[in-house]
Amino acid sequence: MKTRAITGFFFVIVLVLATVWNAYLFFGFFALVGVLATREFLTIVSDQQVRPLRVAGLSGAVMVFALGAMVLLLDFPQRTFLWIIPLVIFFFIASLYRKTENPFHDIAYTLMAIVYGSLPFLFFIALGLGFAEEPFTGGIPMGFLLILWANDTGAYLSGRAMGRHKLFERISPNKTWEGFLGGLVLAVLISLFFPLLFDELVRWQWGVIALIIAVFGSLGDLVESMLKRSLGIKDSGQMLPGHGGILDRFDGLLMAAPLVYLFLTIFH
């Protein structure tokens, strides 16, 4: 618990500073996290039957964020992202020259590493750079993280105090409906005060974002638990002592961030 507390304290400080300091640090930090998450995914799925294209997959993750920097920081047109197409085709061609038993499994896991490990962080970065006014303040991504943490805290406290009915026992035996509802309520309540802190959005937008994060953040947690259970592992990595890996710490973001981006694209 001591190791977990110390790691958590410094990790939160770094996370907050990286989110609000400036646009370049914000982009660079979460791009790095996305590349590390992709590497982590490629590592945990690799075995004798599955041999993803690790170098190509990591190169693909770097390319995703390089293209993202061109569009979000340097104002390149969004069609710049089409340069990802040759990379995907390369995965298939490169597999022709690898002597593996299940080449399409290898390709599928390589692509999934980018979809699951990189793209959610690019969407999260776009929340901070795509909707806010100049100068950069990091208000939307900071609000996102605060809601995510409130949801986790509310779920933990209400689950410990009142948890009786299992939410998804087959995947995560400790999660309960009471915990889920407690997290949702706290997330929505805290979001109602955000217009006082972050003026990029109005109250109803923050409320909807809180609902999206509470529901799909919880589902993202379950999906990551399903991934680990299917692989027979306890943690996705050991990068954060006492907390596991990158995917363990950001499991709620992986599904919620793309959906929050979609919501703001439609209703901002």
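Q: In which helix does I190 lie?
A: I190 lies in helix α8, which covers residues 177–191; a helix here is a DSSP run of H or I with at least four residues, a strand is a run of E with at least two, and both are numbered from the N terminus. The model is predicted, so local features need pLDDT of at least 70 and side-chain atom pairs count only at pLDDT 80 or more, while totals for chains, interfaces and linings use all residues. Residues are numbered from 1 along each chain as its sequence is written, and side-chain values use heavy atoms, with hydrogens and water left out.

Q: Why is I190 called partly exposed?
A: A residue is buried under 20% relative accessible area, exposed over 50%, and partly exposed in between (1.4 Å probe, protein chains only). I190 has 30% relative accessibility, and therefore counts as partly exposed.

Q: What makes helix α6 largely enclosed by the rest of the structure?
A: Nine of the eleven residues of α6 (residues 119–129) are buried, so the helix is largely enclosed. Among them are P120, F121, F124 and L129.

Q: Which helices do the buried residues of α6 pack against?
A: They pack against α2 (23–45), α3 (54–72), α5 (103–117), α7 (139–162) and α11 (251–267). Contact means heavy atoms within 4.5 Å. Leaving aside residues up to four places away in sequence, F121 touches F30, V33, G34, A37, F65, F250, L253 and L254.

Q: What makes a set of residues a nonpolar core?
A: The set must consist of buried Ala, Val, Leu, Ile, Met, Phe, Trp, Tyr and Cys residues joined through side-chain atoms within 4.5 Å. The largest such core has 69 residues, and those with the most contacts inside it include F30, F121, F124 and L264. Its largest share, 13 residues, comes from α2.

Q: How do you know that the radius of gyration agrees with a compact globule?
A: The radius is taken over C-alpha atoms, and the globule rule is 2.2 Å times the number of residues to the power 0.38. For 268 residues a compact globule would have a value near 18 Å; the protein has 19 Å, which agrees. Its C-alpha trace spans about 55 × 45 × 35 Å along the principal axes.

Q: How many helices and strands does the protein have?
A: The protein has eleven helices and two strands, in the order α-α-α-α-α-α-α-β-β-α-α-α-α along the sequence.
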